[in-house]
Amino acid sequence: MAAEERSADGCHYRQPRIEDGKAIWTIVVDSGKLDVNSVYCYIMLCEYFSDTCVVAESDSRIAGFVTAYFPPGKPQTLFVWQIAVAEPYRGQGIAEGLLGALLSSPSGKRAQYIETTISPGNQASLRLFDKLAVKLAAPSVSAGGFSAALFPAGVHEDENLIRIGPIKERGTKL
């Protein structure tokens, strides 16, 4: 990731550190929309996948995060697993800033495709990734994903796979 600078939204974007795992977990819990994994999972992401994850920091607090990785066998595809912004910081463009920082990082620059899964009811994420596709001048296709039938009964909606790419334009700001 480039030198840590404060952006127009007042945040500074950086790779996560192991001690950020607890704050990331809290944002997930407070979101009320994302699947909550163990704190251990987020600590591991910060430790072992920090090159494909980003946190937004404001006033020495984690304001948001994005977690991503390159799936085995897909070296040009960056899978965005979770992205969230803490409630007091929503509506300030931080989610877009997180994706921009991720894609401008050394690891993110390798990506020719972005994939994610989004439940049909998560309109905010659908709009975010539609906007990303436009900014990247890349087609966006929705197909397959994870059926609700894969989860215990009544626990989860379908998770539709969104694939953006190939990426034609890059920029640090969405």
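**Helix packing**

Guide: Let us begin with the handedness of a helix pair: α1 passes α2 in a right-handed crossing. Please bear in mind throughout that this is a predicted model.

Visitor: At what angle do helix α1 and α2 pack, and how far apart are their axes?

Guide: Helix α1, residues 21-31, and α2 pack at an angle of about 125°, and their axes are 8 Å apart. Angles of 65 to 115 degrees count as roughly perpendicular and those over 145 as roughly antiparallel. The two helices are therefore oblique to each other.

Visitor: How does one read the pair α3 and α4, whose axes cross as well?

Guide: The axes of α3 and α4 come within 11 Å, with a crossing angle of roughly 45°. That angle makes α3 oblique to α4. The crossing of α3 and α4 is right-handed.

**Aromatic pairs**

Visitor: How many aromatic pairs does a search of the whole structure find?

Guide: The search finds 2 aromatic pairs. In reading such a pair, one takes the distance between ring centres and the angle between ring planes, where planes under 30 degrees apart count as stacked and those over 60 as edge-to-face. Tyr42 and Trp81 form a stacked pair, with 6.3 Å from centre to centre and 15° between the planes.

Visitor: Why does the pair of Tyr42 and Trp81 tie together parts that are apart in sequence?

Guide: Tyr42 belongs to helix α2 (residues 39-48) and Trp81 to strand β4 (residues 77-85), so the pair ties together parts that are 39 residues apart in sequence. As for accessibility, Tyr42 counts as buried, at 1% relative accessibility. Trp81 is partly exposed, with a relative accessible area of 31%.

Visitor: How is the pair of Tyr69 and Phe79 classed: what are its distance and its angle?

Guide: Tyr69 and Phe79 form a tilted pair, 5.5 Å centre to centre, with 50° between the planes. This pair links distant parts of the chain, with Tyr69 in strand β3 (residues 61-69) and Phe79 in strand β4, 10 residues apart. Tyr69 counts as partly exposed at 28% relative accessibility, whereas Phe79 counts as buried at 10%.

**Charges over rings**

Visitor: Which residue has its charged end over the ring of Phe70?

Guide: The charged end of Arg110 sits over the ring of Phe70, 4.0 Å from the ring centre. Phe70 itself lies in the loop between β3 and β4 and is buried, with a relative accessible area of 17%. Phe70 and Ala111 are 41 residues apart in sequence, while their C-alpha atoms are 8.5 Å apart in space.

Visitor: Over which ring does the charged end of Arg163 sit?

Guide: The charged end of Arg163 sits over the ring of Tyr113, at 3.9 Å from its centre.

**Backbone and loops**

Visitor: Is Ser105 buried or exposed, and where is its place?

Guide: Ser105 is found in the loop between α3 (94-104) and β5 (113-118). With a relative accessible area of 3%, Ser105 is buried. A polar atom of the Ser105 side chain lies 3.0 Å from the backbone nitrogen of Gly108.

Visitor: What does omega say of the peptide bond from Gly165 to Pro166?

Guide: Omega is near 0°, and the bond from Gly165 to Pro166 is cis. Pro166 lies in the segment after β7 (159-164).

Definitions and conventions:
Residues are numbered from 1 along each chain as its sequence is written. This is a predicted model: local features need pLDDT of at least 70, side-chain atom pairs count only at pLDDT 80 or more; totals for chains, interfaces and linings use all residues. Side-chain values use heavy atoms; hydrogens and water are left out. Rings of Phe, Tyr and Trp (its six-membered ring) pair if their centres lie within 6.5 Å; planes under 30 degrees apart count as stacked, over 60 as edge-to-face and the rest as tilted. Helices (H or I, at least four residues) and strands (E, at least two) are DSSP runs, numbered from the N terminus. Buried means under 20% relative accessible area, exposed over 50%, partly exposed in between (1.4 Å probe, protein chains only). A charge sits over a ring if NZ of Lys or CZ of Arg is within 6 Å of the ring centre and within 35 degrees of the ring normal. A polar contact is a pair of N or O atoms within 3.5 Å; within protein, one must be able to donate a hydrogen and the other to accept it, and residues adjacent in sequence count only if both atoms are side-chain atoms. Axes are lines fitted to C-alpha atoms, for helices over the stretch in contact, and angles run from 0 to 180 degrees between N-to-C directions. Angles under 35 degrees count as roughly parallel, over 145 as roughly antiparallel, 65 to 115 as roughly perpendicular and the rest as oblique. A crossing is left-handed if the near helix is turned anticlockwise from the far one by less than a right angle, and right-handed if clockwise.
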